[in-house]
Amino acid sequence: MPQFKVAIVGAGPAGYFAAQALQNLQTEQLSFTIDMIERLPTPWGLVRSGVAPDHPKIKTVSKVFEKVATNDGFNLYGNIELGKDISIEVLMEKYDAVVIATGSANGKRLGIPGEELPGSISAAEFVPWYNGHPDFANFNPELDCDTAVVIGAGNVAMDVARMLALDPSELDETDTALHAIDALKKSAIRTVIISARRGPEHAAFTSPELRDLPKLEHTNVWMSKTEIEAAIIRTGDSPEKDVKSNLDAMLLIADREPTNHDRTMRFHFLATPIEIKGNDRVEEVVFQKTGSDETFSIECGLVITAIGYEAESIDGVPYEKGKVLNTEGRVEENLYVVGWAKRGPSGVIGTNKSDAAAVINLLVEDLKEPKPVFNLSSLITTDKVISQSHWESINSAEIAAGEPHGKPRIKAVSREELLRLGGL
Ligand code: NAP
């Protein structure tokens, strides 16, 4: 029976859902060997280094990934970097099909004066820092100030603001990187302002995230009732379901009596950032009241931009406007793309399931004769390859380390430590 070999580059949600879609299409007449190549010594992409650690339920999707990984014909090749340990050209030559699932790792920039000042950082740095991503272990966010401004009105801005505004003792039972819990416990930040350039009715937050906010035990969450009511009037009698649900959730927040916690998270709508000012570091953000000439400033020592992401370009792969250039996931010849690298940084983790399945259907339609059999190990120079069983050793060691502390795991952060736990 024809057995095709498919390489998937990137072991995040989109990569696993692509592998799952291939496995689901297997029949007695058709089977796949899947080699999943990952730059880090650990798989799971954003489920490990993106999802907020105080939202552990979202991470349970990793069980699906582990089921895919233990099916016949699946091989993990972790700690292998595309462009360094192997090229896209070689993959395309040897495999019947290659699927790029490398996500969007670079934070979009505002492009306003002062953005380069110390104290002005991106969620694309802050999030992997608190999640123990090896590349951000030494990133030191400026937490020595009273006020932080988060720019953007999406779920990433919300995660970032919550992580800054909650009492860090609430993180003790999570898998937040230990270095981040330590730094957040020493943080002087007591006021976190989320600024949105448009009104509440246009915010990209989703309502479950808004409805979670009042559950913060040690943080006063504040929204202006006048602003929310004005948005409700602007949306008229039949707002879209999601907008209505968001506005209802916002109204619940705005209606709450203020508490006397010393930590506050405040929402500021219709605020377009135009400049970040400071001598040696961030001292204030200047905003324009959206739709008017009026400007105002917020003094702060930290600004975190959470306004979306762009995919990193890959040598030999066409790229345009922060994405891999593609038509419905087809890139060229036997090359395909799924997930955020394909469609941009939108949707929740589950969105990648149907997205990947649609691309895999096209990939399977395009298949011809299987190419000659080979082993990827023979094409890569490094011997420090993390296989599924190495990863299982890392996974068990992290879970065991967390157990006595009531944590789901304690993440190893350095590459060396991860390789050691894997037995390499
Ligand atoms: P997002 O949902 O696209 O939100 C980006 C926000 O940045 C928008 O409010 C946008 O405002 C604003 N923005 C863009 N350019 C701006 C600029 N130049 N100045 C000021 N504001 C600007 O992106 P995200 O928050 O990065 O999230 C990415 C995806 O991951 C989303 O689909 C999100 O739902 C998902 N996610 C889900 C969860 C969860 O389920 N818990 C957690 C995290 C992320 P405009 O609308 O005005 O452009």
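This is a predicted model: local features need pLDDT of at least 70, side-chain atom pairs count only at pLDDT 80 or more; totals for chains, interfaces and linings use all residues.
Strand E4 spans residues 97-100 and is covered on both of its faces. Ala-97 and Val-99 lie on one side, Val-98 and Ile-100 on the other, and all of these residues are buried. In a regular strand the side chains alternate between the two faces of the sheet.

**Strand E8 and its neighbours**

Strand E8 (191-195) is a further case of a covered strand. Five of its five residues are buried, so E8 is largely enclosed by the rest of the structure. Thr-191, Ile-193 and Ser-195 point one way from E8, whereas Val-192 and Ile-194 point the other way. E8 pairs with strand E7 (residues 147-151) in the parallel sense over five bridges, and with strand E10 (residues 264-268), also in the parallel sense, over five bridges. Ile-194 takes part in both pairings: it is the bridge partner of Val-150, and it stands opposite Phe-267 in E10.

Ala-196 is found in the loop between E8 and helix H8 (207-212). Its relative accessible area is 3%, and because buried means under 20%, Ala-196 counts as buried. Ala-196 and Val-47 are 149 residues apart in sequence, and their C-alpha atoms are 26 Å apart in space.

**The ligand and its shell**

The ligand is surrounded by 22 residues, of which the closest are Asn-155, Arg-197, Arg-198, Glu-209 and Gly-347. The shell divides into 12 nonpolar, six polar and four charged residues. At least three residues of the shell come from each of domain 1 (3-105 + 310-386) and domain 2 (109-307). Helix H6 (residues 155-165) gives the most to the shell, with three residues.

An N or O atom in the side chain of Arg-197 is 2.8 Å from an oxygen atom of the ligand. A backbone N or O atom of Ala-153 lies 3.0 Å from a ligand oxygen atom. For Glu-209, an N or O atom of the side chain is 2.8 Å from a nitrogen atom of the ligand. On its own the ligand has 910 Å² of accessible area, and the protein covers 79% of this.

**Buried polar side chains**

Two buried residues with polar side-chain atoms have a contact to the backbone. Thr-174 is found in the loop between H6 and helix H7 (178-186). With a relative accessible area of 8%, Thr-174 is buried. A polar atom of its side chain lies 2.6 Å from the backbone oxygen of Leu-171.

Ser-122 lies in strand E6 (residues 120-122) and is buried, with a relative accessible area of 4%. Here the contact is to a backbone nitrogen, that of Ala-124, which lies 2.9 Å from a polar atom of the Ser-122 side chain.

**Positive phi values in loops**

Trp-44 has a phi near 90°, a positive value in a residue other than glycine. Its place is in the loop between strand E2 (31-38) and helix H2 (46-49). Glu-333 likewise has a positive phi, near 40°, and is a residue other than glycine. Glu-333 lies in the loop between strand E18 (330-332) and E19.

Glu-333 is exposed, because its relative accessible area of 72% is over 50%.

The relative accessible areas of the individual residues described above are collected here.

| Residue | Relative accessible area | Class |
|---|---|---|
| Ala-196 | 3% | buried |
| Ser-122 | 4% | buried |
| Thr-174 | 8% | buried |
| Glu-333 | 72% | exposed |

Note on methods
Residues are numbered from 1 along each chain as its sequence is written. Side-chain values use heavy atoms; hydrogens and water are left out. A residue is near a molecule or strand if one of its heavy atoms lies within 4 Å of it. A polar contact is a pair of N or O atoms within 3.5 Å; within protein, one must be able to donate a hydrogen and the other to accept it, and residues adjacent in sequence count only if both atoms are side-chain atoms. Accessible areas come from the Shrake-Rupley method with a 1.4 Å probe; for residues, only the protein chains shown count as cover. Helices (H or I, at least four residues) and strands (E, at least two) are DSSP runs, numbered from the N terminus. Ala, Val, Leu, Ile, Met, Phe, Trp, Tyr, Cys and Pro count as nonpolar, Asp, Glu, Lys and Arg as charged, and the others, Gly among them, as polar. Domain bounds come from an automatic or database domain assignment. Buried means under 20% relative accessible area, exposed over 50%, partly exposed in between (1.4 Å probe, protein chains only). Two strands pair if DSSP finds at least two bridges between them.
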